[in-house]
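Work through the following exercises with the sequence and the model side by side.

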Amino acid sequence: MDLEIYDETKNKVPQKHIDLIKDILEYAGKYIELSENTEMSVTFVNNDKIQQINKKYRGVDRATDVISFAIEDDSDDFPIIMDDEMQAEIPKNIGDIFVSIEKVAEQAEFLNHSYERELGFLVVHGFLHLNGYDHMKPEDEAVMFPLQRKIMDSYGLKR
């Protein structure tokens with residue numbers, strides 16, 4: 001997976017947490033059998049920035065923990081005809097995740113588990129959204145949440 005990580009918090013994210021994100025997303029990608037030829041990004045922000053994003057794109061004027069912006073590549077507006085080999089060579093960008101490091105800390109303390117566990121959980125949650133999983137309906141939640149838990153547990157970031 002081609003993963004870009006951006007820190008808009010003025011270098012408040014230590015390298016060990018960046019390494020954790022890279023590792024857990026690579027693990028999650030293999031877990032759901034995602035093509036290795038996949039691109040995405042994770043951007044670390046503070047509460048003010050994620051509140052601005054949440055208000056602008058979701059109409060909700062409050063800070064949240066994670067926001068995912070999936071890229072829909074399945075448009076039939078201009079079909080491109082390629083054989084399987086050509087398609088395998090072109091990376092598929094699945095989207096972008098924004099994570100508030102302040103919310104990670106707040107929620108880790110509130111839930112009484114490690115910062116790393118909360119960070120991993122939120123990134124995996126956003127990653128699953130980028131891959132079409134959702135939890136807005138009970139039947140979708142019944143698929144996404146157990147999958148998320150299995151990824152986290154098998155990776156080793158249990159509650």
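**Exercise 1.** Determine which residues of α5 are buried, and what they pack against.

*Solution.* Begin with the residues themselves: in α5, Arg 117, Glu 118, Leu 119, Gly 120, Leu 122, Val 123, Val 124, His 125, Gly 126, Phe 127, Leu 128 and Leu 130 are buried, where buried means under 20% relative accessible area, exposed means over 50% and partly exposed lies in between, with a 1.4 Å probe and protein chains only. This makes α5 a mostly covered helix, with 12 of its 16 residues buried; helices (H or I, at least four residues) and strands (E, at least two) are DSSP runs, numbered from the N terminus. Next, look at the surroundings, taking a contact as heavy atoms within 4.5 Å: the buried residues of α5 pack against α1, β2 (38-45), β3, β4 (92-100), α4 (101-111) and α6. Finally, check the geometry: α5 reaches 23 Å from its first C-alpha to its last, close to the 22 Å expected at 1.5 Å a residue, the expected span being 1.5 Å times one less than the number of residues. Just after the helix, Gly 132 takes a positive phi of about 95°.

Before going on, note the basis of these values. The model is predicted, with local features needing pLDDT of at least 70 and side-chain atom pairs counting only at pLDDT 80 or more, while totals for chains, interfaces and linings use all residues. Residues are numbered from 1 along each chain as its sequence is written, and side-chain values use heavy atoms, with hydrogens and water left out.

**Exercise 2.** Work out why the buried residues of α6 line one face of the helix.

*Solution.* First list them: Met 144, Leu 147, Gln 148, Ile 151 and Met 152 are buried in α6. Seen down the helix axis, these buried residues fall within an arc of 130°, so they line one face of α6; the arc is that of the directions from the helix axis to the C-beta atoms. An α-helix has 3.6 residues a turn, so residues three or four places apart point the same way. Then turn to the face directed away from the buried side, which carries the exposed residues Pro 138, Ala 142, Arg 149 and Lys 150. The buried residues, for their part, pack against α1 and α5. Just after α6, Gly 156 takes a positive phi of about 115°.

**Exercise 3.** Locate Ile 24 and identify what it touches.

*Solution.* Ile 24 lies in helix α1 (residues 15-31) and, at 0% relative accessibility, counts as buried. Leaving aside residues up to four places away in sequence, Ile 24 touches Gly 120, Val 124, Met 152, Tyr 155 and Leu 157. The C-alpha atoms of Ile 24 and Tyr 155 are separated by 7.2 Å, although the two residues are 131 apart along the chain.

**Exercise 4.** Describe the largest pocket by its volume and its lining.

*Solution.* The volume of the largest pocket is about 440 Å³. On a 1 Å grid over the protein atoms alone, a pocket is an open set of points with protein on both sides within 12 Å along at least five of seven lines, and lining residues have an atom within 4 Å of a point; points are joined across faces, edges and corners, and a volume is the space filled by probe spheres set on them. Of the 18 lining residues, the closest to the pocket's centre are Arg 58, Val 66, His 125, His 129 and His 135. At least two lining residues come from each of α2 (47-58), β3 (66-70) and α5. By class, the lining divides into 7 nonpolar, 7 polar and 4 charged residues, with Ala, Val, Leu, Ile, Met, Phe, Trp, Tyr, Cys and Pro counted as nonpolar, Asp, Glu, Lys and Arg as charged, and the others, Gly among them, as polar.

Note on methods
On a 1 Å grid over the protein atoms alone, a cavity is a set of points where a 1.4 Å probe fits but cannot get out, and a pocket is an open set with protein on both sides within 12 Å along at least five of seven lines; lining residues have an atom within 4 Å of a point.
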